[in-house]
Amino acid sequence: MENEDEQKQNTNDAGTSMNCDTNVHTNTNVENRQSTTNFMMTGLTAASPPKFVSLDEIIKAANGMKNMALAHEIAVDENFQLQKLEPKDGSFHRRVKEIMHKAFWNLLAEQLAQDPPDYSQALVLMKEIKESLDELVPPYNTRTKENIREVLDLDLIKQQAEKGVLDFDHYAQYIISIMSKICAPVRDDKIKELSKQVDVIETFKGVMELLQLMRLDLANFTITMSRPSIVAASVEYEKKKFAEFLKVNPNGLQYTEKWLLRNFDPKKVTSSSNAGANNVRQMTHSLLTEAYLDLLEWDFNPDAETLMLDQGRLLELRDITSRLSIVGSVILLVNNTIGAPIHGVSSFKKNIKEHLNALLDSVHSNKDLETAMPNIVLQVKTDVKTTLREVDAPELSSELETLLEGQIADLVDTKHKIRYLVSLRIRQFVQKIIKSQSTAPQQVPPGLSSLQEELTAIAARFAILVSHNRSVFGEYYQDIVANALAKSDVDNDKEMDMHETHMEV
(Lines give C-alpha, C1' and ligand atoms only; values in the text may rest on other atoms or scores of the structure.)
Protein backbone atom coordinates (compact mmCIF):
# COMPACT_ATOMS: atom_id res chain seq x y z
CA MET A 1 0.00 0.00 0.00
CA GLU A 2 2.85 2.38 0.78
CA ASN A 3 4.34 1.85 -2.68
CA GLU A 4 0.92 2.33 -4.24
CA ASP A 5 0.33 5.56 -2.33
CA GLU A 6 3.80 6.78 -3.20
CA GLN A 7 3.17 6.07 -6.87
CA LYS A 8 -0.10 8.04 -6.78
CA GLN A 9 1.61 10.90 -4.99
CA ASN A 10 4.28 11.00 -7.69
CA THR A 11 1.53 10.91 -10.24
CA ASN A 12 -0.16 13.95 -8.74
CA ASP A 13 3.15 15.82 -8.50
CA ALA A 14 3.66 15.49 -12.23
CA GLY A 15 1.09 18.16 -12.98
CA THR A 16 2.90 19.83 -15.82
CA SER A 17 4.34 16.79 -17.50
CA MET A 18 1.25 16.29 -19.65
CA ASN A 19 2.14 19.48 -21.49
CA CYS A 20 3.72 17.54 -24.31
CA ASP A 21 0.48 18.47 -26.11
CA THR A 22 0.91 22.19 -25.64
CA ASN A 23 2.72 22.98 -28.89
CA VAL A 24 1.26 24.06 -32.20
CA HIS A 25 2.61 24.22 -35.72
CA THR A 26 1.45 25.64 -39.05
CA ASN A 27 0.21 23.70 -42.07
CA THR A 28 3.32 24.20 -44.14
CA ASN A 29 6.06 22.07 -45.64
CA VAL A 30 9.13 23.95 -44.42
CA GLU A 31 11.05 22.29 -41.59
CA ASN A 32 12.11 25.53 -39.91
CA ARG A 33 8.42 26.36 -39.36
CA GLN A 34 7.76 23.32 -37.19
CA SER A 35 7.61 23.57 -33.41
CA THR A 36 9.46 21.19 -31.11
CA THR A 37 7.96 19.48 -28.10
CA ASN A 38 9.54 20.16 -24.72
CA PHE A 39 8.31 18.46 -21.59
CA MET A 40 9.45 17.37 -18.14
CA MET A 41 8.59 13.87 -17.01
CA THR A 42 8.56 13.34 -13.27
CA GLY A 43 6.13 10.42 -13.09
CA LEU A 44 4.09 7.99 -15.13
CA THR A 45 1.20 10.41 -15.62
CA ALA A 46 -0.12 13.79 -14.54
CA ALA A 47 -2.70 15.23 -12.26
CA SER A 48 -4.33 16.96 -15.24
CA PRO A 49 -5.45 15.75 -18.68
CA PRO A 50 -3.78 16.74 -21.96
CA LYS A 51 -3.64 20.53 -22.20
CA PHE A 52 -3.19 22.91 -25.12
CA VAL A 53 -1.31 26.14 -25.58
CA SER A 54 -3.36 28.99 -24.12
CA LEU A 55 -5.38 31.16 -26.46
CA ASP A 56 -3.81 34.24 -24.88
CA GLU A 57 -0.38 33.00 -25.94
CA ILE A 58 -1.53 32.39 -29.51
CA ILE A 59 -3.23 35.78 -29.85
CA LYS A 60 -0.24 37.49 -28.27
CA ALA A 61 2.07 35.87 -30.82
CA ALA A 62 -0.22 36.89 -33.67
CA ASN A 63 -1.20 40.41 -32.61
CA GLY A 64 1.83 41.42 -30.58
CA MET A 65 4.35 40.55 -33.32
CA LYS A 66 6.58 38.91 -30.73
CA ASN A 67 7.59 36.28 -33.22
CA MET A 68 8.78 37.62 -36.57
CA ALA A 69 8.56 34.29 -38.33
CA LEU A 70 5.00 33.67 -37.14
CA ALA A 71 3.93 37.17 -38.15
CA HIS A 72 5.50 36.66 -41.57
CA GLU A 73 3.74 33.31 -41.99
CA ILE A 74 0.36 34.91 -41.36
CA ALA A 75 1.16 37.82 -43.68
CA VAL A 76 2.17 35.79 -46.73
CA ASP A 77 -0.01 32.69 -46.34
CA GLU A 78 -3.73 33.36 -46.83
CA ASN A 79 -4.48 29.82 -45.70
CA PHE A 80 -2.34 30.03 -42.58
CA GLN A 81 -3.71 28.00 -39.70
CA LEU A 82 -2.41 26.81 -36.39
CA GLN A 83 -2.57 23.07 -36.02
CA LYS A 84 -1.95 20.65 -33.22
CA LEU A 85 1.56 19.26 -33.29
CA GLU A 86 1.52 15.50 -33.14
CA PRO A 87 4.78 13.62 -32.51
CA LYS A 88 5.78 11.30 -35.34
CA ASP A 89 4.54 7.72 -35.22
CA GLY A 90 7.06 5.48 -33.49
CA SER A 91 9.04 8.41 -32.08
CA PHE A 92 10.13 8.59 -28.44
CA HIS A 93 7.90 11.61 -27.83
CA ARG A 94 4.94 9.75 -29.32
CA ARG A 95 5.48 6.74 -27.08
CA VAL A 96 5.85 8.91 -23.97
CA LYS A 97 2.72 10.86 -24.86
CA GLU A 98 0.66 7.70 -25.36
CA ILE A 99 1.94 6.16 -22.11
CA MET A 100 1.19 9.30 -20.12
CA HIS A 101 -2.28 9.73 -21.59
CA LYS A 102 -3.19 6.11 -21.04
CA ALA A 103 -1.88 6.23 -17.47
CA PHE A 104 -3.91 9.35 -16.69
CA TRP A 105 -7.21 7.95 -17.92
CA ASN A 106 -6.55 4.53 -16.36
CA LEU A 107 -5.87 6.13 -13.01
CA LEU A 108 -9.06 8.20 -13.29
CA ALA A 109 -11.07 5.04 -14.05
CA GLU A 110 -9.48 3.21 -11.10
CA GLN A 111 -10.26 6.05 -8.72
CA LEU A 112 -13.89 6.30 -9.82
CA ALA A 113 -14.29 2.52 -9.51
CA GLN A 114 -13.21 2.51 -5.85
CA ASP A 115 -15.79 2.17 -3.08
CA PRO A 116 -16.22 4.89 -2.11
CA PRO A 117 -14.97 6.63 -5.31
CA ASP A 118 -11.83 8.75 -5.16
CA TYR A 119 -12.54 12.05 -6.96
CA SER A 120 -9.09 13.68 -6.65
CA GLN A 121 -8.22 13.26 -10.33
CA ALA A 122 -11.79 14.01 -11.38
CA LEU A 123 -11.76 17.35 -9.55
CA VAL A 124 -8.58 18.37 -11.34
CA LEU A 125 -10.27 17.41 -14.58
CA MET A 126 -13.34 19.53 -13.77
CA LYS A 127 -11.11 22.51 -12.94
CA GLU A 128 -9.37 22.19 -16.33
CA ILE A 129 -12.69 22.02 -18.15
CA LYS A 130 -14.15 24.99 -16.29
CA GLU A 131 -11.12 27.15 -17.11
CA SER A 132 -11.25 26.11 -20.76
CA LEU A 133 -14.96 26.89 -21.12
CA ASP A 134 -14.53 30.27 -19.45
CA GLU A 135 -11.74 31.06 -21.90
CA LEU A 136 -13.70 29.95 -24.95
CA VAL A 137 -16.91 31.85 -24.16
CA PRO A 138 -16.73 35.36 -25.71
CA PRO A 139 -16.11 38.16 -23.15
CA TYR A 140 -19.40 39.88 -24.00
CA ASN A 141 -21.39 36.74 -23.13
CA THR A 142 -21.40 37.52 -19.43
CA ARG A 143 -24.57 35.55 -18.70
CA THR A 144 -23.07 32.27 -19.95
CA LYS A 145 -19.80 32.94 -18.14
CA GLU A 146 -21.67 33.55 -14.89
CA ASN A 147 -23.74 30.42 -15.41
CA ILE A 148 -20.57 28.34 -15.88
CA ARG A 149 -19.11 29.72 -12.66
CA GLU A 150 -22.29 28.90 -10.77
CA VAL A 151 -22.87 25.39 -12.13
CA LEU A 152 -19.24 24.31 -12.14
CA ASP A 153 -18.65 25.57 -8.62
CA LEU A 154 -15.59 23.54 -7.64
CA ASP A 155 -16.19 23.95 -3.90
CA LEU A 156 -19.73 22.65 -4.29
CA ILE A 157 -18.58 19.78 -6.52
CA LYS A 158 -15.94 18.86 -3.94
CA GLN A 159 -18.56 18.82 -1.19
CA GLN A 160 -20.79 16.58 -3.32
CA ALA A 161 -17.85 14.25 -3.90
CA GLU A 162 -17.08 14.06 -0.19
CA LYS A 163 -20.72 13.23 0.57
CA GLY A 164 -20.85 10.62 -2.18
CA VAL A 165 -23.62 12.37 -4.14
CA LEU A 166 -21.57 13.67 -7.08
CA ASP A 167 -23.46 13.10 -10.36
CA PHE A 168 -20.72 13.02 -13.00
CA ASP A 169 -23.18 12.39 -15.83
CA HIS A 170 -25.16 15.52 -14.95
CA TYR A 171 -22.06 17.69 -15.17
CA ALA A 172 -20.94 15.96 -18.36
CA GLN A 173 -24.23 16.74 -20.10
CA TYR A 174 -24.10 20.35 -18.89
CA ILE A 175 -20.55 20.74 -20.22
CA ILE A 176 -21.54 19.25 -23.59
CA SER A 177 -24.55 21.60 -23.81
CA ILE A 178 -22.33 24.64 -23.25
CA MET A 179 -19.84 23.38 -25.84
CA SER A 180 -22.63 22.90 -28.38
CA LYS A 181 -23.54 26.59 -28.07
CA ILE A 182 -20.03 27.98 -28.60
CA CYS A 183 -18.35 25.50 -30.96
CA ALA A 184 -18.01 25.95 -34.72
CA PRO A 185 -20.62 24.17 -36.89
CA VAL A 186 -17.91 21.82 -38.14
CA ARG A 187 -17.80 20.28 -34.63
CA ASP A 188 -21.53 19.51 -34.43
CA ASP A 189 -21.09 15.83 -35.31
CA LYS A 190 -18.58 15.41 -32.49
CA ILE A 191 -21.04 17.06 -30.09
CA LYS A 192 -23.74 14.57 -31.10
CA GLU A 193 -21.37 11.65 -30.52
CA LEU A 194 -20.47 12.94 -27.07
CA SER A 195 -24.10 13.44 -26.06
CA LYS A 196 -24.80 9.77 -26.83
CA GLN A 197 -21.75 8.45 -24.98
CA VAL A 198 -22.64 6.59 -21.77
CA ASP A 199 -19.16 5.74 -20.50
CA VAL A 200 -17.95 8.52 -18.16
CA ILE A 201 -14.26 8.12 -19.00
CA GLU A 202 -14.86 8.10 -22.76
CA THR A 203 -17.15 11.11 -22.40
CA PHE A 204 -14.51 13.21 -20.67
CA LYS A 205 -11.84 12.00 -23.06
CA GLY A 206 -14.00 13.28 -25.88
CA VAL A 207 -14.67 16.54 -24.05
CA MET A 208 -10.95 17.24 -23.61
CA GLU A 209 -10.18 16.41 -27.24
CA LEU A 210 -12.99 18.64 -28.48
CA LEU A 211 -11.93 21.51 -26.20
CA GLN A 212 -8.49 21.41 -27.82
CA LEU A 213 -10.05 21.61 -31.27
CA MET A 214 -12.30 24.47 -30.20
CA ARG A 215 -9.34 26.43 -28.90
CA LEU A 216 -7.65 25.99 -32.28
CA ASP A 217 -10.84 27.01 -34.10
CA LEU A 218 -11.06 30.19 -32.06
CA ALA A 219 -7.38 30.99 -32.46
CA ASN A 220 -7.55 30.54 -36.24
CA PHE A 221 -10.72 32.62 -36.44
CA THR A 222 -9.00 35.38 -34.49
CA ILE A 223 -6.01 35.26 -36.83
CA THR A 224 -8.26 35.39 -39.90
CA MET A 225 -10.17 38.41 -38.60
CA SER A 226 -6.97 40.17 -37.54
CA ARG A 227 -5.03 39.36 -40.71
CA PRO A 228 -5.16 42.85 -42.32
CA SER A 229 -3.69 44.49 -39.22
CA ILE A 230 -1.22 41.64 -38.80
CA VAL A 231 0.01 42.13 -42.38
CA ALA A 232 0.51 45.86 -41.85
CA ALA A 233 2.24 45.35 -38.53
CA SER A 234 4.42 42.59 -39.97
CA VAL A 235 5.80 44.92 -42.66
CA GLU A 236 6.91 47.49 -40.09
CA TYR A 237 8.23 44.83 -37.75
CA GLU A 238 10.32 43.16 -40.47
CA LYS A 239 11.66 46.53 -41.61
CA LYS A 240 12.79 47.27 -38.08
CA LYS A 241 14.42 43.86 -37.58
CA PHE A 242 16.20 43.96 -40.92
CA ALA A 243 17.57 47.44 -40.18
CA GLU A 244 18.98 46.06 -36.93
CA PHE A 245 20.52 43.19 -38.88
CA LEU A 246 22.25 45.60 -41.27
CA LYS A 247 23.71 47.60 -38.38
CA VAL A 248 25.83 44.63 -37.37
CA ASN A 249 26.24 43.29 -40.92
CA PRO A 250 27.42 46.13 -43.18
CA ASN A 251 27.63 43.73 -46.14
CA GLY A 252 24.21 42.27 -45.39
CA LEU A 253 22.87 42.98 -48.89
CA GLN A 254 25.64 41.53 -51.05
CA TYR A 255 23.60 38.55 -52.28
CA THR A 256 20.51 40.71 -52.68
CA GLU A 257 22.48 43.13 -54.86
CA LYS A 258 23.79 40.29 -57.03
CA TRP A 259 20.27 38.88 -57.43
CA LEU A 260 18.59 42.22 -58.17
CA LEU A 261 21.20 43.43 -60.66
CA ARG A 262 21.37 40.11 -62.52
CA ASN A 263 19.47 41.67 -65.43
CA PHE A 264 21.03 45.13 -65.14
CA ASP A 265 23.03 46.12 -68.24
CA PRO A 266 24.93 49.39 -67.74
CA LYS A 267 25.64 49.56 -71.49
CA LYS A 268 21.93 50.04 -72.13
CA VAL A 269 21.62 52.88 -69.61
CA THR A 270 22.17 56.50 -70.65
CA SER A 271 22.95 59.37 -68.28
CA SER A 272 19.71 61.10 -69.14
CA SER A 273 17.67 58.06 -68.08
CA ASN A 274 19.27 58.04 -64.65
CA ALA A 275 18.06 61.42 -63.52
CA GLY A 276 15.19 61.69 -61.06
CA ALA A 277 13.74 59.51 -58.35
CA ASN A 278 10.87 58.50 -60.63
CA ASN A 279 13.26 56.91 -63.11
CA VAL A 280 14.99 55.06 -60.29
CA ARG A 281 11.63 53.71 -59.16
CA GLN A 282 10.74 52.61 -62.68
CA MET A 283 14.11 50.93 -63.18
CA THR A 284 13.81 49.22 -59.78
CA HIS A 285 10.31 48.00 -60.58
CA SER A 286 11.47 46.57 -63.91
CA LEU A 287 14.60 44.88 -62.54
CA LEU A 288 12.80 43.59 -59.48
CA THR A 289 10.01 42.04 -61.54
CA GLU A 290 12.54 40.12 -63.65
CA ALA A 291 14.48 39.13 -60.53
CA TYR A 292 11.35 37.75 -58.92
CA LEU A 293 10.45 35.79 -62.06
CA ASP A 294 13.96 34.31 -62.19
CA LEU A 295 13.19 32.68 -58.84
CA LEU A 296 10.74 30.36 -60.60
CA GLU A 297 13.47 28.77 -62.72
CA TRP A 298 15.21 25.53 -61.82
CA ASP A 299 18.84 25.71 -60.73
CA PHE A 300 18.29 29.24 -59.39
CA ASN A 301 18.39 29.45 -55.60
CA PRO A 302 16.80 32.29 -53.62
CA ASP A 303 19.88 33.08 -51.54
CA ALA A 304 19.31 36.86 -51.29
CA GLU A 305 19.21 38.09 -47.71
CA THR A 306 15.83 39.73 -48.31
CA LEU A 307 14.33 36.39 -49.32
CA MET A 308 15.45 34.32 -46.35
CA LEU A 309 12.08 34.05 -44.61
CA ASP A 310 10.46 32.85 -47.82
CA GLN A 311 13.27 30.65 -49.10
CA GLY A 312 11.37 27.41 -48.48
CA ARG A 313 8.21 28.73 -50.10
CA LEU A 314 10.12 30.06 -53.10
CA LEU A 315 11.92 26.77 -53.63
CA GLU A 316 8.58 24.98 -53.50
CA LEU A 317 7.01 27.39 -56.02
CA ARG A 318 10.10 27.12 -58.22
CA ASP A 319 9.79 23.34 -58.34
CA ILE A 320 6.04 23.41 -58.95
CA THR A 321 6.38 25.96 -61.76
CA SER A 322 9.28 24.17 -63.45
CA ARG A 323 7.51 20.83 -63.27
CA LEU A 324 4.39 22.44 -64.67
CA SER A 325 6.35 23.66 -67.69
CA ILE A 326 7.42 20.07 -68.35
CA VAL A 327 3.84 18.78 -68.02
CA GLY A 328 2.57 21.51 -70.32
CA SER A 329 5.31 20.77 -72.86
CA VAL A 330 4.50 17.06 -72.85
CA ILE A 331 0.78 17.71 -73.40
CA LEU A 332 1.51 20.05 -76.33
CA LEU A 333 3.98 17.59 -77.88
CA VAL A 334 1.58 14.68 -77.58
CA ASN A 335 -1.29 16.68 -79.08
CA ASN A 336 0.88 17.78 -82.00
CA THR A 337 2.33 14.31 -82.60
CA ILE A 338 -0.74 12.09 -82.11
CA GLY A 339 -3.25 14.58 -83.45
CA ALA A 340 -7.02 14.19 -83.74
CA PRO A 341 -7.55 10.86 -81.88
CA ILE A 342 -6.75 12.41 -78.47
CA HIS A 343 -7.91 15.99 -79.05
CA GLY A 344 -10.62 16.92 -76.59
CA VAL A 345 -10.17 13.77 -74.48
CA SER A 346 -10.27 15.33 -71.02
CA SER A 347 -9.46 12.07 -69.25
CA PHE A 348 -6.12 11.91 -71.10
CA LYS A 349 -5.01 15.33 -69.89
CA LYS A 350 -6.20 14.58 -66.38
CA ASN A 351 -4.41 11.24 -66.22
CA ILE A 352 -1.17 12.46 -67.76
CA LYS A 353 -1.04 15.42 -65.36
CA GLU A 354 -1.59 13.15 -62.38
CA HIS A 355 0.95 10.56 -63.49
CA LEU A 356 3.65 13.07 -64.50
CA ASN A 357 3.23 15.07 -61.29
CA ALA A 358 3.90 11.88 -59.36
CA LEU A 359 7.04 11.15 -61.39
CA LEU A 360 8.24 14.75 -61.10
CA ASP A 361 7.63 14.99 -57.37
CA SER A 362 11.27 14.22 -56.54
CA VAL A 363 12.66 16.36 -59.38
CA HIS A 364 14.28 19.59 -58.15
CA SER A 365 16.69 20.43 -60.98
CA ASN A 366 17.42 19.85 -64.65
CA LYS A 367 19.87 17.15 -63.61
CA ASP A 368 17.10 15.38 -61.71
CA LEU A 369 14.92 15.69 -64.81
CA GLU A 370 17.48 13.82 -66.90
CA THR A 371 17.36 10.95 -64.42
CA ALA A 372 13.56 10.86 -64.39
CA MET A 373 13.09 11.26 -68.15
CA PRO A 374 13.14 7.53 -69.11
CA ASN A 375 10.24 6.88 -66.72
CA ILE A 376 8.43 9.95 -68.03
CA VAL A 377 8.75 8.72 -71.62
CA LEU A 378 7.48 5.29 -70.61
CA GLN A 379 4.51 6.78 -68.73
CA VAL A 380 3.54 9.07 -71.61
CA LYS A 381 3.54 6.15 -74.06
CA THR A 382 1.42 4.09 -71.67
CA ASP A 383 -1.12 6.88 -71.24
CA VAL A 384 -1.28 7.53 -74.98
CA LYS A 385 -1.84 3.85 -75.81
CA THR A 386 -4.48 3.51 -73.09
CA THR A 387 -6.36 6.55 -74.38
CA LEU A 388 -6.22 5.36 -77.99
CA ARG A 389 -7.77 2.05 -76.92
CA GLU A 390 -10.48 3.82 -74.91
CA VAL A 391 -11.57 5.93 -77.90
CA ASP A 392 -11.30 3.00 -80.34
CA ALA A 393 -8.57 4.75 -82.34
CA PRO A 394 -5.85 2.94 -84.34
CA GLU A 395 -2.88 1.75 -82.31
CA LEU A 396 0.31 3.77 -82.16
CA SER A 397 2.58 2.86 -85.06
CA SER A 398 6.21 2.00 -84.32
CA GLU A 399 7.37 5.04 -86.33
CA LEU A 400 5.09 7.41 -84.42
CA GLU A 401 6.05 5.82 -81.12
CA THR A 402 9.77 6.32 -81.85
CA LEU A 403 9.10 9.92 -82.88
CA LEU A 404 7.16 10.59 -79.68
CA GLU A 405 9.90 9.02 -77.53
CA GLY A 406 12.54 11.25 -79.05
CA GLN A 407 10.46 14.41 -78.74
CA ILE A 408 9.67 13.81 -75.07
CA ALA A 409 13.26 12.83 -74.23
CA ASP A 410 14.54 16.04 -75.86
CA LEU A 411 12.71 18.11 -73.24
CA VAL A 412 15.71 17.75 -70.92
CA ASP A 413 17.25 20.54 -73.02
CA THR A 414 16.27 23.88 -71.46
CA LYS A 415 16.50 25.45 -74.93
CA HIS A 416 14.05 22.98 -76.47
CA LYS A 417 11.62 25.11 -78.50
CA ILE A 418 8.43 23.76 -76.98
CA ARG A 419 9.77 23.77 -73.43
CA TYR A 420 11.13 27.28 -73.89
CA LEU A 421 7.80 28.48 -75.30
CA VAL A 422 5.76 26.94 -72.47
CA SER A 423 8.15 28.32 -69.82
CA LEU A 424 8.00 31.77 -71.44
CA ARG A 425 4.20 31.76 -71.49
CA ILE A 426 4.04 30.72 -67.84
CA ARG A 427 6.54 33.45 -66.95
CA GLN A 428 4.55 36.07 -68.86
CA PHE A 429 1.33 34.97 -67.20
CA VAL A 430 2.83 35.28 -63.71
CA GLN A 431 4.42 38.59 -64.72
CA LYS A 432 1.04 40.05 -65.63
CA ILE A 433 -0.33 38.99 -62.27
CA ILE A 434 2.42 40.53 -60.16
CA LYS A 435 2.55 43.73 -62.25
CA SER A 436 -1.20 44.21 -62.41
CA GLN A 437 -2.72 46.86 -60.17
CA SER A 438 -6.24 45.50 -60.59
CA THR A 439 -8.06 42.34 -59.57
CA ALA A 440 -9.29 41.69 -63.10
CA PRO A 441 -8.77 38.05 -64.21
CA GLN A 442 -5.88 37.38 -66.57
CA GLN A 443 -6.19 35.21 -69.66
CA VAL A 444 -4.51 31.83 -69.43
CA PRO A 445 -1.73 31.52 -72.05
CA PRO A 446 -2.62 29.77 -75.35
CA GLY A 447 -2.12 26.01 -75.24
CA LEU A 448 -2.09 25.89 -71.44
CA SER A 449 -5.80 25.84 -70.66
CA SER A 450 -5.43 22.35 -69.18
CA LEU A 451 -3.13 23.87 -66.54
CA GLN A 452 -5.41 26.77 -65.64
CA GLU A 453 -6.09 25.66 -62.07
CA GLU A 454 -2.42 25.04 -61.29
CA LEU A 455 -1.25 28.28 -62.93
CA THR A 456 -3.80 30.34 -61.05
CA ALA A 457 -2.77 28.81 -57.73
CA ILE A 458 0.94 29.47 -58.41
CA ALA A 459 0.34 33.06 -59.50
CA ALA A 460 -1.83 33.81 -56.46
CA ARG A 461 0.73 32.50 -53.97
CA PHE A 462 3.63 34.16 -55.75
CA ALA A 463 1.84 37.52 -55.98
CA ILE A 464 1.35 37.61 -52.20
CA LEU A 465 5.03 36.87 -51.57
CA VAL A 466 6.14 39.52 -54.06
CA SER A 467 3.79 42.16 -52.67
CA HIS A 468 4.92 41.60 -49.10
CA ASN A 469 8.59 41.48 -50.03
CA ARG A 470 8.33 44.75 -51.94
CA SER A 471 6.60 46.43 -49.02
CA VAL A 472 9.33 45.40 -46.60
CA PHE A 473 12.48 45.80 -48.69
CA GLY A 474 11.45 48.28 -51.41
CA GLU A 475 13.67 51.06 -50.07
CA TYR A 476 16.74 48.83 -50.09
CA TYR A 477 16.04 47.72 -53.65
CA GLN A 478 15.78 51.34 -54.81
CA ASP A 479 19.05 52.22 -53.08
CA ILE A 480 20.81 49.31 -54.81
CA VAL A 481 19.50 50.38 -58.23
CA ALA A 482 20.28 54.05 -57.58
CA ASN A 483 23.88 53.16 -56.70
CA ALA A 484 24.19 50.97 -59.80
CA LEU A 485 22.88 53.80 -61.98
CA ALA A 486 25.24 56.30 -60.37
CA LYS A 487 28.17 53.95 -60.93
CA SER A 488 27.18 53.50 -64.58
CA ASP A 489 27.09 57.31 -64.94
CA VAL A 490 30.62 57.58 -63.58
CA ASP A 491 31.82 54.78 -65.85
CA ASN A 492 30.13 56.38 -68.85
CA ASP A 493 31.73 59.74 -68.06
CA LYS A 494 35.16 58.15 -67.79
CA GLU A 495 34.66 56.33 -71.06
CA MET A 496 33.54 59.60 -72.71
CA ASP A 497 36.60 61.46 -71.37
CA MET A 498 38.89 58.75 -72.66
CA HIS A 499 37.19 58.84 -76.02
CA GLU A 500 37.53 62.66 -76.24
CA THR A 501 41.19 62.47 -75.20
CA HIS A 502 41.82 59.88 -77.88
CA MET A 503 40.15 62.11 -80.47
CA GLU A 504 42.32 65.09 -79.47
CA VAL A 505 45.45 63.01 -79.83
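Set aside the neighbours within four places in sequence, and F462 is in contact with Y292, L293, L296, L314, L317, V430 and I434, contact meaning heavy atoms within 4.5 Å. Before going on, a word on what you're looking at: this is a predicted model, in which local features need pLDDT of at least 70 and side-chain atom pairs count only at pLDDT 80 or more, while totals for chains, interfaces and linings use all residues. Residues are numbered from 1 along each chain as its sequence is written, and side-chain values use heavy atoms, with hydrogens and water left out.

The largest nonpolar core has 77 residues, and F462 joins W259, V334, V380 and I408 as the members that touch the most other members. Helix 19 is the top contributor to this core, giving 15 residues. A core here is a set of buried Ala, Val, Leu, Ile, Met, Phe, Trp, Tyr and Cys residues joined through side-chain atoms within 4.5 Å; buried means under 20% relative accessible area, exposed over 50%, and partly exposed in between, using a 1.4 Å probe and protein chains only. There's also a second, separate core of 35 residues, with V137, Y171, A172 and F204 among its members. As a rule, nonpolar side chains in soluble globular proteins tend to be buried together.

Stepping back, the protein has 19 helices and two strands. These are DSSP runs numbered from the N terminus, with helices being H or I of at least four residues and strands being E of at least two. Of its 505 residues, 44% count as buried. Look at contacts with a separation of 6 or more, and 75% of them come from residues 24 or more positions apart.

A cavity is a set of points, on a 1 Å grid over the protein atoms alone, where a 1.4 Å probe fits but cannot get out; lining residues have an atom within 4 Å of a point. The lining is made of Y292, L307, D310, L314, L465, V466 and N469. Helix 19 (residues 452-504) supplies the largest share, three residues. By class, there are five nonpolar, one polar and one charged residues in the lining, where Ala, Val, Leu, Ile, Met, Phe, Trp, Tyr, Cys and Pro count as nonpolar, Asp, Glu, Lys and Arg as charged, and the others, Gly among them, as polar.

On to the charges. The structure holds 22 salt bridges, each a side-chain nitrogen of Lys or Arg within 4 Å of a carboxyl oxygen of Asp or Glu. One of them pairs E73 with R313 at 2.9 Å, N to O. That pair ties together distant parts of the chain, with E73 in helix 3 (residues 68-76) and R313 in helix 14, 240 residues apart. E73 is buried at 6% relative accessible area, and R313 is buried at 6% as well. R187 and D217 also meet, at 2.8 Å, N to O. Here R187 sits in the loop between helix 8 (168-182) and helix 9 (188-196), while D217 is in helix 10 (residues 200-248), 30 residues away. D217 is partly exposed, at 21%. R318 and D319 form a bridge as well, their closest N and O atoms 3.1 Å apart. Beyond such pairs, bridges with shared partners join R262, E290, D294, E297 and R427 into one network.

K145, in helix 6 (residues 142-151), is buried at 13%. Leaving out neighbours within four places in sequence, K145 is in contact with D134, V137, P138 and P139; V137 is one of the second core's residues.

Finally, the backbone. Most residues other than glycine have a negative phi, and most peptide bonds are trans. The bond from D115 to P116 is cis, with omega near 0°, and P116 lies in the loop between helix 4 (92-113) and helix 5 (120-136). D299 has a positive phi, near 65°, in the loop between helix 13 (277-294) and helix 14 (311-338). D392 has a positive phi of about 55° and counts as exposed, at 71%.

How values were computed. On a 1 Å grid over the protein atoms alone, a cavity is a set of points where a 1.4 Å probe fits but cannot get out, and a pocket is an open set with protein on both sides within 12 Å along at least five of seven lines; lining residues have an atom within 4 Å of a point.
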